[in-house]
Amino acid sequence: MNFSFNHSCVLITGASSGLGAEFARQLASSVSTLILVARRKERLEELAHLLHERYPNLQIHLKISDLTFPEERERLAAWIEEEKLPLNLVINNAGMGNLGNFYDASWKRTQEILDLNIGALTHLTHLLLPTLRQQAPSALLQVGSISGFFPIEGHAVYAASKAYVQSFTQALHLEEGKHGVCVTLLAPGTVPTEFFKSASRLKEPISLTTRSRACFITSPEKVVSVALEALLQKRVIVIPNKLLSIVINFLRFTPVFLFQRFFLPNKKR
Ligand SMILES: NC(=O)c1ccc[n+]([C@@H]2O[C@H](COP(=O)([O-])OP(=O)(O)OC[C@H]3O[C@@H](n4cnc5c(N)ncnc54)[C@H](OP(=O)(O)O)[C@@H]3O)[C@@H](O)[C@H]2O)c1
């Protein structure tokens, strides 16, 4: 039997904006239950209200949680167990960055990136895999980034955290496939979401074309639809922009300084 979204029970972290909210919108027509997790209550309530209006039979649970705290992750997993929710898709999407040199970064923010991008993703995976195995065929989508393929000057800790997500996910894909859990890495390039606003240390808004060439910028709608299709195809890695995927696979074998010159056309951050 193959994994399908129909009537499934899905947990999405970082569902209050960007890719997480878009996953909820695209899955809402087929799944039976959505568990939406983030810190901003009003944003989650707004999204749930819109989805309920369109899909009155959809069950939506909102969990307000700061996933940088291990006890909050444990509380979330314990609640899922208590409620006996038949979780069969987990989207580990919550993540944050901090644009600028490592030297000047506040330790608090650096620690948060490590705790969220690595700690929460790994801990939730560990807490929820037993349920995913029980519910197999099931799926786990880990949101990484193309930054995980390369060291990125000016985004060092973020890129390293996503390199961890990539390595971890590829190994899990092999381990869990045997147990009916498809584990896939989503590695987007630049996506217009609130990510850059929250990652920036500058007061003025960041122009996305200083981060990436325009042809590599992909809409959240496209990123999510390609990622969901990749889950059904049991792919190990998905880069949701065809041109970018070709370029990344080429650049993976290119020296770092050439990558920086090609991919980050303007070093203003
Ligand atoms: N945008 C891009 O260009 C891009 C490219 C590659 C990869 N990605 C990855 O895509 C994922 C989603 O990012 P996005 O682009 O959609 O950015 P976004 O709009 O800023 O969304 C980030 C989400 O993470 C949640 N979050 C942040 N800190 C959290 C915490 N401590 N506990 C729980 N939730 C937390 C935020 O919700 P609250 O603030 O309400 O908690 C928000 O829902 C991230 O993993 C990011 O690294 C993004």
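Predicted model: local features only at pLDDT ≥ 70, side-chain atom pairs only at ≥ 80, totals over all residues.

**Loops, helices and the ligand shell**

Mentor: Lys84 counts as exposed, with 8 C-beta neighbours inside 10 Å.

Trainee: Where does Lys84 lie?
Mentor: In the loop between α3 and β4. Helices (H or I, at least four residues) and strands (E, at least two) are DSSP runs, numbered from the N terminus. The phi of Lys84 is near 55°, which is positive in a residue other than glycine.

Trainee: And what about the phi of His7?
Mentor: Also positive, near 60°. His7 sits in the segment before β1 (9-13), and is exposed, with 11 other C-beta atoms within 10 Å. Most residues other than glycine have a negative phi, and most peptide bonds are trans.

Trainee: Which peptide bond is cis, then?
Mentor: The one from Ala136 to Pro137, with omega near 5°. Pro137 is in the loop between α4 and β5 (138-143).

Trainee: Switching to helices. At what angle do α3 and α4 pack?
Mentor: About 20°, with the axes of α3 (residues 70-82) and α4 (residues 107-134) 10 Å apart. Axes are lines fitted to C-alpha atoms, for helices over the stretch in contact, and angles run from 0 to 180 degrees between N-to-C directions. The two helices are therefore roughly parallel to each other. That term covers angles under 35 degrees; over 145 is roughly antiparallel, 65 to 115 roughly perpendicular, and the rest oblique.

Trainee: Which residues meet there?
Mentor: Pro70, Arg73, Glu74, Ala77 and Ile80 in α3 meet Ala120, His123, Leu124, Leu127, Leu128 and Thr131 in α4. In contact means that the C-beta atoms, placed from the backbone, lie within 7 Å. By class, this contact has seven nonpolar, two polar and two charged residues. Ala, Val, Leu, Ile, Met, Phe, Trp, Tyr, Cys and Pro count as nonpolar, Asp, Glu, Lys and Arg as charged, and the others, Gly among them, as polar.

Trainee: How do α4 and α5 cross?
Mentor: At roughly 10°, and their axes come within 10 Å; α5 is residues 156-177. So α4 and α5 are roughly parallel to each other. Their contact includes Leu114, Asn117 and Leu121 of α4 and Ser161, Tyr164 and Phe168 of α5. By class it has nine nonpolar, four polar and one charged residues.

Trainee: Is Asn92 buried or exposed?
Mentor: Buried, with 26 other C-beta atoms within 10 Å. Asn92 is in strand β4 (residues 87-92). Leaving aside neighbours within four places in sequence, Asn92 is in contact with Thr13, Leu121, Leu124, Thr125, Leu141, Gln142 and Val143.

Trainee: Last topic, the ligand. Which residues come nearest?
Mentor: Gly14, Gly18, Arg39, Arg40 and Gly95, of the 30 residues around the ligand. Being near means a C-beta atom, placed from the backbone, within 6 Å of the molecule or strand. The shell divides into eleven nonpolar, 14 polar and five charged residues.

Trainee: Which element gives the largest share?
Mentor: α1, with three residues. Eight of the ten residues of α1 are buried, among them Gly18, Leu19 and Phe23.

Terms used:
Residues numbered from 1 in each chain as written. Contact = placed C-beta atoms within 7 Å. Buried ≥ 20, exposed ≤ 12 C-beta atoms within 10 Å, placed from the backbone.
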